[in-house]
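Please walk me through this structure one piece at a time.

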Amino acid sequence: MPRHPSIHPSIHPSIHPSIHAYPHERVRVIDSPVNIKQGGGRNRALAEARGEYVMFVDADDALRSDAVAVCLKTARRENADMVIFDYARFSSAPANIGEEICQLGKDASGLRGEDLRRRILDRSTPVWSAMYRKELITDNGLFFPEKVFYEDNAVALAMQLSAKTPVKINEALYLYRFDNLSVTRSTNNYHFFGRLASAVTLMDHLKRLGLYERYRKKLDFIFINQYFTHSIFGCIYRFDRVPMLRHNYIRKTISRHLPDYRSNPYFKAQPLRMKLKIFTHVRFPRLIKLMSNVSRRLHRAGS
């Protein structure tokens, strides 16, 4: 019997759905004649959604069968406009549930308002790890960029910081598949650089919504990591040959967006080892790539 594509029946004892568990009148399929990717699909769903709350599920992931009920109960009890939850890793092997991930920390369930927002700033959490009041997204104009990759990076943090009554619960309601091939784990994929435009878009949203000045130094550091540091590392470790044009572009344009990024207190406070890693990966990318390849070959030969 066919099952709902967002539910994996073998990875949680309470998940045994069939098509009959989802009456036809409660399910609508929105078909697009062109591939507008995840961002476009989510925007279409937001435009069509009739409920008060929305959740996002990637096509290869799953929800615990009671996820919506648990979130709604919490939202109504707390009058929350966002309910954040934990997630568990799983693979395609039957009944193969991995570790539960609590990115914000178990103690975050006792935080409210500004305290919880600052925890979100310190430990980012994915856009799919929460249920949101739909108006939180639509009224703030936080729609996803379309026909691009890393579209969630462009809006997730702005959504979460915009919540007036955020709540965190210690339940692993989302099931994240980790053994598939995606842009975030693939190699030699130039869609990886979609993260640059997403970082810029996120900062534009934060400034437009009046959130940037409130958390300026921390948000600048988040931008430095997303646009610069992790992208520079990606040039070296996610490609067989370092894409030097992209590497040089990232190195040169970070100063255009944040001219004084080196003076950011969070950037300066990083351990010396990380500072040296950033410096060498910026200045000597081909040498670092060569050393990485040699180390990998020696490791294979010794195993």
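The face of H11 turned away from its buried side carries the exposed residues Arg-286, Arg-297, Leu-298, Ala-301 and Gly-302. Keep in mind that this is a predicted model. H11 spans residues 285-302, which makes 18 residues. From first C-alpha to last, H11 reaches 26 Å, close to the 26 Å expected at 1.5 Å a residue.

Now turn to the other side. Which residues of H11 are buried? They are Pro-285, Ile-288, Lys-289, Ser-292 and Asn-293. These residues lie on the same side of H11 because they cover an arc of only 135° around the axis. The numbering follows a simple rule. An α-helix has 3.6 residues a turn, so residues three or four places apart point the same way. What covers the buried residues of H11? The cover includes helix H7 (216-237), helix H8 (244-257) and helix H10 (272-283).

**A strand with two partners**

Next comes strand E5, residues 130-133. Ala-130 and Tyr-132 point one way from E5. Met-131 and Arg-133 point the other way.

E5 pairs with strand E1 (residues 53-55) through three bridges, and the two run antiparallel. Within this pairing, Val-54 stands opposite Tyr-132. Strand E3 (residues 82-90) is also joined to E5 by three bridges, again antiparallel. There, Val-83 has Met-131 as its bridge partner.

**Charged pairs**

How many salt bridges does a search of the whole structure find? It finds 16. Take a few in turn.

Asp-66 forms a salt bridge with Arg-64, and their closest N and O atoms are 2.7 Å apart. Asp-66 is partly exposed, with a relative accessible area of 27%. Arg-64 counts as buried, because its relative accessibility is 13% and the cut-off for buried is under 20%.

Arg-112 and Glu-78 form another salt bridge, with 3.3 Å between the closest N and O atoms. This pair links distant parts of the chain, 34 residues apart. Arg-112 sits in the loop between strand E4 (97-101) and helix H3 (113-122), while Glu-78 belongs to helix H2 (residues 67-78). Both ends are partly exposed: Arg-112 has a relative accessible area of 36%, and Glu-78 has 29%.

The side chains of Asp-86 and Lys-106 also meet in a salt bridge, at 3.1 Å from N to O. This pair too links distant parts of the chain, 20 residues apart. Asp-86 is in strand E3, and Lys-106 is in the loop between E4 and H3. Is Asp-86 buried or exposed? At 2% relative accessibility, Asp-86 counts as buried. Lys-106 is partly exposed, with a relative accessible area of 44%.

Some salt bridges join up. Glu-114, Arg-117, Arg-118 and Arg-214 are linked in a network of them.

**A buried arginine**

Last, look at Arg-42 in helix H1 (residues 37-48). Arg-42 is buried, with a relative accessible area of 9%. Which residues does Arg-42 contact, leaving aside its neighbours within four places in sequence? They are Phe-56, Asp-58, Val-127, Phe-144, Glu-151 and Asp-152. With one of them, Glu-151, the side chain of Arg-42 makes a polar contact, side chain to side chain, at 3.0 Å.

How values were computed:
Residues numbered from 1 in each chain as written. Predicted model: local features only at pLDDT ≥ 70, side-chain atom pairs only at ≥ 80, totals over all residues. Heavy atoms only, no water. Helix = DSSP H or I, 4+ residues; strand = E, 2+ residues; numbered from the N terminus. Expected span 1.5 Å × (residues − 1). Buried < 20%, exposed > 50% of the residue type's maximum accessible area, 1.4 Å probe, protein only. Arc of directions from axis to C-beta. Contact = heavy atoms within 4.5 Å. Pairing = 2+ DSSP bridges. Salt bridge = Lys/Arg side-chain N within 4 Å of Asp/Glu carboxyl O. Polar contact = N/O pair within 3.5 Å; in protein donor to acceptor, adjacent residues only side chain to side chain.
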